[in-house]
Amino acid sequence: MPRTSTHVIETTSKDYIRNQINSYYGNGDALVREWNERDYGIDFVVELFDNGIPTGNIAYLQIKATSKHIEKNKQTNDVSCANISASSLDYAKQKKIPFVLLYVSICEPREFYFVDLQSFDVNNLIKRANCNESKSVTVRIPIKNRCTDNNLDDFFQLIKSY
């Protein structure tokens, strides 16, 4: 089976996110673990530490990637991340552990946008997916949730807020 451009984009985006999170704190107080079982939309689990001591702050991460620059919707002040499965949203609404969607651009300069799927009206998004019979929806992510190289403060603040 040939290695497709989709596979390359996925690998590149995961490597980028893993590197950004793992290197953010100089002392290693952020750790990304790959989710290897049936994933339910989960790509990584991130865990935070305080000088090497586990804090209990963890989050599930779902990564959606593009090889293009992420375009901002000028009228709505957000970015659109398409093809989020209704089943992933249904899983996210359980509200036991933060479930964060990352929308990653792998072209330079690299950036990603994040949103806590639990903060959305997930039930409404799921209903829309079911009405469309597409089983997926577009999630609009506020442009203020933008992260660039070494600027992940708001992302980590979200994880610590639970």
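Visitor: Why is N51 called exposed in this predicted model?

Guide: The model is predicted. In it, N51 has a relative accessible area of 63%. The term exposed applies over 50%, so N51 is exposed. This residue lies in the loop between β2 (44-50) and β3 (53-66).

Visitor: What makes the phi of N51 worth a remark?

Guide: Phi of N51 is near 50°, a positive value, and N51 is a residue other than glycine. Most residues other than glycine have a negative phi.

Visitor: How do you know whether N83 is buried or exposed?

Guide: The relative accessible area of N83 is 54%. Exposed means over 50%, and therefore N83 counts as exposed. N83 lies in strand β4 (residues 78-85). Its phi is near 60°, a positive value in a residue other than glycine.

Visitor: Which residues of helix α4 are buried, and what puts them on the same side of α4?

Guide: In α4 (residues 153-160), F155, F156, L158 and I159 are buried. They cover an arc of only 150° around the axis, which means that they are on the same side of α4. Buried itself means under 20% relative accessible area.

Visitor: What kind of peptide bond joins E108 and P109, and where is P109 found?

Guide: The bond that joins E108 and P109 is cis, with omega about -10°. Most peptide bonds are trans. P109 is found in the loop between β5 (99-105) and β6 (111-116).

Methods. Residues are numbered from 1 along each chain as its sequence is written. This is a predicted model: local features need pLDDT of at least 70, side-chain atom pairs count only at pLDDT 80 or more; totals for chains, interfaces and linings use all residues. Side-chain values use heavy atoms; hydrogens and water are left out. Helices (H or I, at least four residues) and strands (E, at least two) are DSSP runs, numbered from the N terminus. Buried means under 20% relative accessible area, exposed over 50%, partly exposed in between (1.4 Å probe, protein chains only). The arc is that of the directions from the helix axis to the C-beta atoms.
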